[in-house]
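Thanks, everyone, for making time this morning. I would like to go through the interface in this model, so let me put the sequence and structure on the screen.

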Protein chains: 2
Amino acid sequence: MVTVNHNYLKLPGSYLFSTIGKKVKAYKEANPQANVISLGIGDVTQPLAPAIIEALHKSVDEMGDAATFHGYAPDLGYEFLRSAIAKNDYKDRGCDIEADEIFVSDGAKSDSGNIQEIFGLDNKIAVCDPVYPVYVDTNVMAGRTGEYNKERGNFDNVIYMPCTASNGFLPEFPEEVPDLIYLCFPNNPTGGAITKPQLQEWVDYANKNGSVIIYDAAYEAYISEEDVPHSIYECEGARSCAIELRSFSKNAGFTGVRLGFTVVPKDLVRDGVDLHSLWARRHGTKFNGAPYIVQRAGEAVYSPEGKAQLKEQVGYYMSNAKAIYEGLASAGYSVSGGVNAPYIWLKTPDKMTSWEFFDYLLEKANIVGTPGSGFGAHGEGFFRLTAFGTQENTLEAIERIKNL
Amino acid sequence: MVTVNHNYLKLPGSYLFSTIGKKVKAYKEANPQANVISLGIGDVTQPLAPAIIEALHKSVDEMGDAATFHGYAPDLGYEFLRSAIAKNDYKDRGCDIEADEIFVSDGAKSDSGNIQEIFGLDNKIAVCDPVYPVYVDTNVMAGRTGEYNKERGNFDNVIYMPCTASNGFLPEFPEEVPDLIYLCFPNNPTGGAITKPQLQEWVDYANKNGSVIIYDAAYEAYISEEDVPHSIYECEGARSCAIELRSFSKNAGFTGVRLGFTVVPKDLVRDGVDLHSLWARRHGTKFNGAPYIVQRAGEAVYSPEGKAQLKEQVGYYMSNAKAIYEGLASAGYSVSGGVNAPYIWLKTPDKMTSWEFFDYLLEKANIVGTPGSGFGAHGEGFFRLTAFGTQENTLEAIERIKNL
């Protein structure tokens, strides 16, 4: 008899952003005149930069000509893109990462969900709380966790590391040593950043204990402060304990284009096996490469024109972040984030729960944000706003919140 | 301590096409003057059709304008594409499949590798032998099989259904009833097809036994005979036992564009759970949608211009198939396939093993094919050639083989 994967049944309700989408859709249908502004899901609004559009058109033309047509891409990514990444994101920052340690993919969500597949089911994972739901949910689906505990609002057999106002939204070393440690900095959802000395402590911890850090650096382009590392490989010893996930979604607006990459250094060996080979095998067996035209678009991110245009685009969003942060602070909210990240994390007023504040904001101000509790038990009583809206909408939203 | 997924270590050597790629690269480096023709990996050579190029340019322009920019796609696919698929691939053929039963993805390789994740690890799988390696390898990686048996050249705890000359390359019902049955028709690698009455028997068998058929119809565009079904949903009762995988790679040349889809009918319930919801959860958690521009390109496949242009493209490849089939037959080879599929399956001469014939063909005729044994133990002594080359190369290759 066919059995289903019963681990899926442990997941309570649907994926956070699907739930938000359904709620917003229902509200809009009931209130067709409402001008709803979304500062909720972390989706960008600015169009692709001209250098990227140009690269796309050029590569589309190549695909229309037999002489320059490209069929199956190399499983792990085109050499031109892997080299551009190695140079610009790593070597130019003093990180010792080679092109063949970079695995090009269709985005960081896929990679952050798939990376756990190369590990045994007996590994214990540690995550920040609050946290991007994909890390935990994919481990639940694989069977690496216990049941969902309704009272606590999280899963058994997972090490949650509370990130709260009292510890500056930075995780502390847990009592029990985890096997796999998911870290995301600059952080989604809190918008907090980690300094290089602080991250070095985690690298040392992982090396000492034989743990593996899965480091999600999807938001590195938003770093504005000097002592905040763009890559975990800026820390000494990271090659022997860390996998890094990166995205083109937020630095180049590729949320609808789909491109990302994962770095697995060849020095990373656990259980007698090098993880680089395992990930290569996974990638080569369950994935068939990112589209040629998309990889050419990714290459354009690193051209001089691309870099200049995207610096401007990131600046645009960061001025939104500043406006949200200052507007909320002046309205009396407790706010953090927004300096090295496109996310602003605020404490809900009047002891409202996160979802109560979600409904309140949607109904009273027609603004969509993301309930902190959707990111974990310690996100309860918090709320996330993103800087990815248009400037006009962002300023309008802040005015509405101020006038509540 | 971190453990790796030990199931990966059961896999013998690397993925078939990686091995071929390495062998060919080494040969070309040692013989830089050789004009090597590849009829090996099933990759297309014709450029994208004009209607598709036009759709790509148009949607790229949309991505460059804030008013028409598209960020995150709906997890399961854009409505415009899901509707076009439901209409053209299903309703127009009399199949009762709705748009919301279609899950758009980045390709059939991903889907055929990922689909097993929604099932329990205790399910026993059945595959044809020879078979597309991804079905088995991904089940090995998940832990659904036993060890690799070197003597037999396959895995313990998998039901292999021999497809040989004696049964016309069609699987027979196995002695032990399988839970998950992978079928691919028109078949890769043998190029064989199944008639509708024959497929109906499998549907009835699955419904009677509570099995699930995972039906890979990636090559349906190559069907030329009337009684060969394009979809398993042409069979009565398939909605309650079958998942269908489809690709744009072979009907529209999207091997480097990446687009596919999976159909999970809402009637498909096993173990008290509807599989549609499980796959939706998997898709929404571990995938973030296919690129907007690629989905627009997919839509163009169904436009009147797209259809006409692609019919011509498929015709081009099928005339290659005919040339290969007839050329080999006239040279005295035992050949099959090539009538409803772009693959020609031939018996190696002089009792050569498949890899011996691979080396022989590469060295003596500078032609790359795919060793049948790479697809399973019962592929030993066979060899696959594809019709996806250019006409010029294909005719030249046939001449070279004839002159051997």
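A salt bridge, as I use the term here, is a side-chain nitrogen of Lys or Arg within 4 Å of a carboxyl oxygen of Asp or Glu. By that rule there are six salt bridges between chain A and chain B, and one of them joins the side chains of B:Asp75 and A:Lys109, at 4.0 Å from N to O.

Some conventions: this is a predicted model, in which local features need pLDDT of at least 70 and side-chain atom pairs count only at pLDDT 80 or more, while totals for chains, interfaces and linings use all residues. Residues are numbered from 1 along each chain as its sequence is written, chains are lettered from A and ligands numbered from 1 in the order in which they are written, and side-chain values use heavy atoms, with hydrogens and water left out.

Turning to the extent of the interface, 80 residues from chain A and 80 residues from chain B take part in the contact, where contact means heavy atoms within 4.5 Å. The buried area (the accessible area, with a 1.4 Å probe, that two parts lose on being put together, summed over both) is about 6500 Å², and carbon and sulfur atoms give 59% of that. On the chain A side, the residues losing the most area to chain B are A:Val2, A:Tyr72 and A:Arg281, together 12% of what that side buries.

Finally, because 100% of the interface residues of chain A are also interface residues in chain B, the copies meet through the same surface.
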